[in-house]
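Please keep the sequence and the structure in view while reading.

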Amino acid sequence: MIYSNFIIGFLWVLSGVVHPFYVSISDLVYKEETKSVQIMHKVFVDDFEQTLNKHYNVNLDILAMKNTAEIDEMLEDYYSKRFSVEIDGKLQEITYIGSELEENVLWIYQEIYKVRKPNRFKITNTVLFDEFDTQSNLVHTEVGGEIKTVRLVDGDETQEVEFDYY
């Protein structure tokens, strides 16, 4: 994941020179001890702020906020409509946990509870697709230390990853 974040950062720097580059990163991590999948989304504030302002008819300045609790309701609603996970063929209920600001990045936290060790994830992520034609959403899925990554783009917003244990 560190390597992919480096590449995204490098591409982000080049994007100002070459062309706009829009990306979000999502990490899904299965936790055996709690039988849950922790989900962390990373989006750049300027892109996401533009999207929230448009969809919710507001005028946010996220970087000026002391904390992001005041936008949690919007974030929960936005992600509930644009991010979904099926595990082993069953659509999962995703619980919104909260968010935090880290410099120019917004972190959104979710969790899926009561999960047996999963074999197959079907992930749909259309975050920012309606705002940016070139949006890419990288999704890292980790089970038992094994990480699989998919890149979701408009027209290919749902993909599956499979883990073999037996």
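Accessible areas come from the Shrake-Rupley method with a 1.4 Å probe, and for residues only the protein chains shown count as cover. On that basis, the accessible surface of the protein chain comes to about 9300 Å², of which 49% belongs to carbon and sulfur atoms. The model is a predicted one, in which local features need pLDDT of at least 70 and side-chain atom pairs count only at pLDDT 80 or more, while totals for chains, interfaces and linings use all residues. Residues are numbered from 1 along each chain as its sequence is written, and side-chain values use heavy atoms, with hydrogens and water left out.

**Overall make-up**

- The protein chain holds 3 helices and 10 strands, where helices (H or I, at least four residues) and strands (E, at least two) are DSSP runs numbered from the N terminus.
- Along the sequence, these elements follow the pattern α-β-β-α-α-β-β-β-β-β-β-β-β.
- Of the 166 residues in the protein chain, 45% are buried, a class defined as under 20% relative accessible area, with exposed meaning over 50% and partly exposed lying in between (1.4 Å probe, protein chains only).
- Among contacts (heavy atoms within 4.5 Å) in the protein chain with a separation of 6 or more, 59% join residues 24 or more positions apart.

**The sheet and its helix**

- An open sheet is formed by 4 strands in the order E4-E3-E7-E10, with antiparallel pairing; two strands pair if DSSP finds at least two bridges between them.
- Strands E4 (90-91) and E10 (158-162) stand at the edges with a single partner strand each, so one side of each is left without a neighbour in the sheet.
- Strand E3 (residues 83-87) pairs with E4 over 2 bridges in the antiparallel sense, and Lys 90 in E4 is the bridge partner of Ile 87.
- Helix H3 (residues 72-82) lies across E3 and strand E7 (120-125), and runs at about 55 degrees to E3, the angle being taken on a scale from 0 to 180 degrees between N-to-C directions of axes fitted to C-alpha atoms, for helices over the stretch in contact.

- Leu 91 is found in strand E4 and is exposed, with a relative accessible area of 58%.
- Leaving aside residues up to four places away in sequence, Leu 91 touches Ser 84, Val 85 and Glu 86.

**Thr 68, in a loop**

- Thr 68 is found in the loop between helix H2 (45-56) and H3, and is buried, with a relative accessible area of 3%.
- Leaving aside residues up to four places away in sequence, Thr 68 touches Ser 99, Glu 100, Leu 101 and Leu 106.
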